[in-house]
Amino acid sequence: MFFIADSGSTKTDWIAIDSMGDVLWTTQTHGLNASILEEETLDQRIKQNPQLIQHQSQVKKIYFYGAGLGVKTAAQSMEKVLSEIFINSSFLIREDTYAAVYATITPSQPAIVCILGTGSNCSYYDGKNVEQRVRSLGYIIMDEASGNFYGKQLIRSYYFNELSKGMKVKFESQYDMRNEVINKNLYENEKPNTYLAKVGKFVIENKEEPLFQKIIFEGLHRFIEHQIFQFENCKEVPIHFIGSVAFYLKKEVEKALDSYGLTLGRIVKRPIDRLVEYHKLCLLE
């Protein structure tokens with residue numbers, strides 16, 4: 001038995017496959033971002049899933065792709081936690097950039113691969129290797145066009161009284177916007193980026209609102225200029241996207257790319273399913 005895991009800050013998708021690459025079962029845990037969570041928390045979140053624990057001694061190898069794993073210490077922490085639970089397994093641990101690439105690319109075809117989910121990043125695939133020009137410094141100063149980016153912009157707009165009366169009422173009916181609640185979620189809770197991304201859903205769900213259109217395109221333009229334009233040949237290759245934000249903003253993503261003369265490739269909401277296809281080929285080679 002083999003496990004494939006794709007982890008963001010919000011949730012982790014797990015798929016068990018057999019030696020032929022056929023799916024045995026799927027499950028989920030909370031997000032396992034080792035760059036912001038303690039090892040104890042990572043351990044608890046995995047052990048809270050009975051299906052994983054039931055098969056912990058049977059798994060032979062785990063392919064684990066996760067947010068934050070580009071940092072060496074985070075990758076080491078993740079492997080330590082996994083190895084103490086899945087004692088008979090070996091591990092391949094890589095940052096979520098690789099999951100995005102394997103889930104979108106056509107083998108040997110160069111492309112730019114972007115993630116727009118809770119957070120955001122961008123990489124170049126030359127047909128063999130993955131290159132990332134900008135190392136993320138996280139949700140506080142980066143993650144443009146991500147869920148947490150739109151959550152920040154929405155909260156700012158709300159407190160600066162920029163929302164229309166009707167949209168303000170609708171927003172307040174769904175979210176507790178008291179100052180003390182926001183401060184607690186941002187400065188005391190362990191996952192402020194996830195909280196912001198949940199708030200950011202409101203922007204996407206009401207994307208036809210003129211103010212939100214402005215916020216959405218501002219984020220996309222900043223992402224294109226700061227991330228995609230790092231690669232000199234960005235107008236010569238397709239640009240693929242992974243993540244729920246890109247999926248639900250497909251029209252806006254395509255329009256933003258077109259305004260810069262860029263070509264949209266695939267948009268995949270959940271990379272985990274296409275990762276199965278990729279690893280099936282690897283197992284059968």
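Trainee: Where does Ser-89 lie?

Mentor: Ser-89 sits in the loop between α3 (72–85) and β5 (90–95). Helices (H or I, at least four residues) and strands (E, at least two) are DSSP runs numbered from the N terminus. This is a predicted model, in which local features need pLDDT of at least 70 and side-chain atom pairs count only at pLDDT 80 or more. Residues are numbered from 1 along each chain, and side-chain values use heavy atoms, without hydrogens and water.

Trainee: Is Ser-89 buried or exposed?

Mentor: Buried means under 20% relative accessible area, exposed over 50%, and partly exposed in between (1.4 Å probe, protein chains only). Ser-89 has 13% relative accessibility, so Ser-89 counts as buried.

Trainee: What does the side chain of Ser-89 reach?

Mentor: The side chain of Ser-89 reaches the backbone nitrogen of Ile-62 at 3.4 Å. A polar atom of that side chain also lies 3.5 Å from the backbone nitrogen of Lys-61.

Trainee: How are two packed helices described?

Mentor: They are described by the angle between their axes and the distance between the axes. Here the axes of α5 (residues 147–159) and α8 (residues 192–205) come within 6 Å and cross at roughly 70°. That makes α5 roughly perpendicular to α8, a term for angles of 65 to 115 degrees.

Trainee: Which residues of α7 are buried?

Mentor: An α-helix has 3.6 residues a turn, so residues three or four places apart point the same way. In α7 (residues 179–187), Val-181, Ile-182, Asn-185 and Leu-186 are buried. They cover an arc of only 120° around the axis, which puts them on the same side of α7. The buried residues of α7 pack against α5 and α8.

How values were computed: Axes fitted to C-alpha atoms, helices over the stretch in contact; angles between N-to-C directions. Parallel < 35°, antiparallel > 145°, perpendicular 65-115°, else oblique. Polar contact = N/O pair within 3.5 Å; in protein donor to acceptor, adjacent residues only side chain to side chain. Arc of directions from axis to C-beta. Contact = heavy atoms within 4.5 Å.
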